[in-house]
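User: I want to go through the labels on this model and the cut-offs behind them. Please set each value against its rule.

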Amino acid sequence: MTGKYGAVPLPRGKVRILYDPTTVPEEAQQPQAQQVAVFDAKPNDNSVNGSLLDVNQNFVVYAVKNGLIRILHRQSTARSLLRAHEGRKVTDISFFQSGDVLGTVGGNVIIWRLFERAQEIVAEKLLEIPDTLPFVSRIVWHPFNPNQFWLIHKNKHDTNVATLVETTRITTVAHPTEPHAVCNLHGSDVIMDGAVQLSASNLTDIGWSGKNTRNVISSHEDGSIKLWDLKPDTTANEDGIILMFCKETIQEDEPVTSCMFLPHDNVFTNYNSSPESTITNCFCTASRGNSRITIWSPFEEGKAPSKLQVFEMDVQNPDYNLSFCHGQFALEGDPPAFFFMLSDRTSGSMYVISLKSIWSETEPKRPLVEGFDYVIPFITKYPTYSWSIRAAAAENLDEDKTVGGVDFDMRFYAMQSKMVQRMSICYYMCLPPGKSWDAGVPGIRMEPLTEPFAGFIPDNLPDYEEEYELDDDDDDD
């Protein structure tokens, strides 16, 4: 009951789907792979959603040992090494929109501009936020403004919070020996006077709304999922922090590790809702080490989101990277395929999980989500610790064989336990199974969905062996 390439159809409806990966056939597909660098890597134990690798058009950037960060040029043999976090633990590396601005987190936070000059890689420091700000774990860029980003860090109460950094408003001083600016913190855990901060339980993730960037979503260790309005709710408190208006809170019964908005306007069961009534697009959350993915309807005025479907890896002690990849949403033809991608940090297992998209019947056409469609297992020799994934025009595309909008390849760089590799999953490796789910599909169980508590919050609440150029490469951080 699987497709040609191991695609397993999934049931529809408001159900929780449990997928047993032990039923994966031994001949599971392998992504196409090319070795980039060889070294013994370590997982990012300090940040479940932080990435130790990112890629833009020209450079591959990844963390090596002892807080060093390697830069490789993708079209030449040029390489460089960033030492700004030497001796510390790097927890996040992130380009702004795949451009030349890079943020790195490792004790302190550095904003760089990377470019090539005279066949050499130049890394220019633009801004430094010193390591006196307690344990910064991640940087989350604004969707289109490189002067704004969130930092997830500890506050003075040892709670994970998110602070909005606006580089045009912070106070800076000159670095004593280098030509870049250094943020002059307003307090030990406050970046500037009037800093916008999201503080509620231990924050685990944050995502900007693509529909209106004034809205952001956050997930928390206490199981709460919150929608925030970035219009200030109050004046700054005694610590110089401005608390934001929490528009709505959903409460799950377990820690929520990730949250992100989807490109779909709505769920197919709610397509009669007008675009004006929805505050956001659909969104997803993840829990249990990113192994349980929940699809939600949008936040709406006066109406709490509801669960559409849940997909879960039926395993013990899960620990997964979670990302997604999709093509361009053009009104001609089928909506593009949308895939969640999971990689097991403890083994070489990867999974591509298709999300079924349709167009609304009313004009103007809007992308709607029906639910999970099918899952395809992949296998690699080594576990993947971090990755950077992009949709790319399919090579050797046979348009007669494309189905359900699967007309692009997924290309990614992966930091694995023994090497960095450039990988591709071609479109023909992700085609649907051609069969609908039935009770005889092995490895699939279903359970009824349970809805969480949701309620509005009162307005008054706030290819070479890697060398590190060190005396002893084997010293751990």
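User: Why is Cys282 called buried?

Analyst: Buried means under 20% relative accessible area, exposed means over 50%, and partly exposed lies in between, with a 1.4 Å probe and protein chains only. Cys282 has 0% relative accessibility, so Cys282 counts as buried. This is a predicted model, where local features need pLDDT of at least 70 and side-chain atom pairs count only at pLDDT 80 or more, while totals for chains, interfaces and linings use all residues. Residues are numbered from 1 along each chain as its sequence is written, and side-chain values use heavy atoms, with hydrogens and water left out.

User: What about Cys325, buried or exposed?

Analyst: Buried. Its relative accessible area is 4%, so Cys325 falls in the buried class.

User: How many helices and strands does the protein chain have?

Analyst: Zero helices and 35 strands. Both are DSSP runs numbered from the N terminus: helices are H or I with at least four residues, strands are E with at least two.

User: How much of the protein chain is buried?

Analyst: 58% of its 477 residues. The chain exposes about 20300 Å², and carbon and sulfur atoms supply 46% of that. Accessible areas come from the Shrake-Rupley method with a 1.4 Å probe; for residues, only the protein chains shown count as cover.

User: What makes Arg12 and Glu370 a salt bridge?

Analyst: The rule asks for a side-chain nitrogen of Lys or Arg within 4 Å of a carboxyl oxygen of Asp or Glu. Arg12 and Glu370 meet at 2.8 Å, N to O. The pair links distant parts of the chain: Arg12 is in the loop between strand S1 (8-9) and strand S2 (15-19), Glu370 is in strand S30 (residues 367-379), and they are 358 residues apart.

User: Which residues are linked in a network of salt bridges?

Analyst: Arg16, Glu254, Arg288, Arg292, Glu312, Asp314, Arg445 and Glu447. Within it, Arg16 and Glu312 meet at 2.7 Å, N to O. Arg16 lies in strand S2 and Glu312 in strand S26 (residues 307-313), 296 residues apart. Both Arg16 and Glu312 are buried. The count of salt bridges comes to 23.

User: Why is Arg288 called partly exposed?

Analyst: Arg288 has 26% relative accessibility, so Arg288 falls in the partly exposed class. Arg288 lies in the loop between strand S24 (283-287) and strand S25 (292-296).

User: What joins the side chains of Arg288 and Glu312?

Analyst: A polar contact of 2.9 Å. The term means a pair of N or O atoms within 3.5 Å; within protein, one must be able to donate a hydrogen and the other to accept it, and residues adjacent in sequence count only if both atoms are side-chain atoms. The C-alpha atoms of Arg288 and Glu312 are separated by 8.9 Å.

User: How is Asp344 placed for charge?

Analyst: Asp344 is buried yet has no salt bridge. The nearest side chain of opposite charge, Arg345, is 8.0 Å away. Lys and Arg count as positive, Asp and Glu as negative, and His and the chain ends are not counted. Asp344 lies in strand S28 (residues 338-344). The side chains of Asp344 and Ser347 are joined by a polar contact of 3.3 Å.

User: Why is Gln416 called buried, and what does Gln416 touch?

Analyst: Its relative accessibility is 0%, so Gln416 counts as buried. Gln416 lies in strand S32 (residues 408-416). Contact means heavy atoms within 4.5 Å. Not counting residues up to four places away in sequence, Gln416 touches residues including Ala41, Met350, Pro383, Thr384 and Met423.
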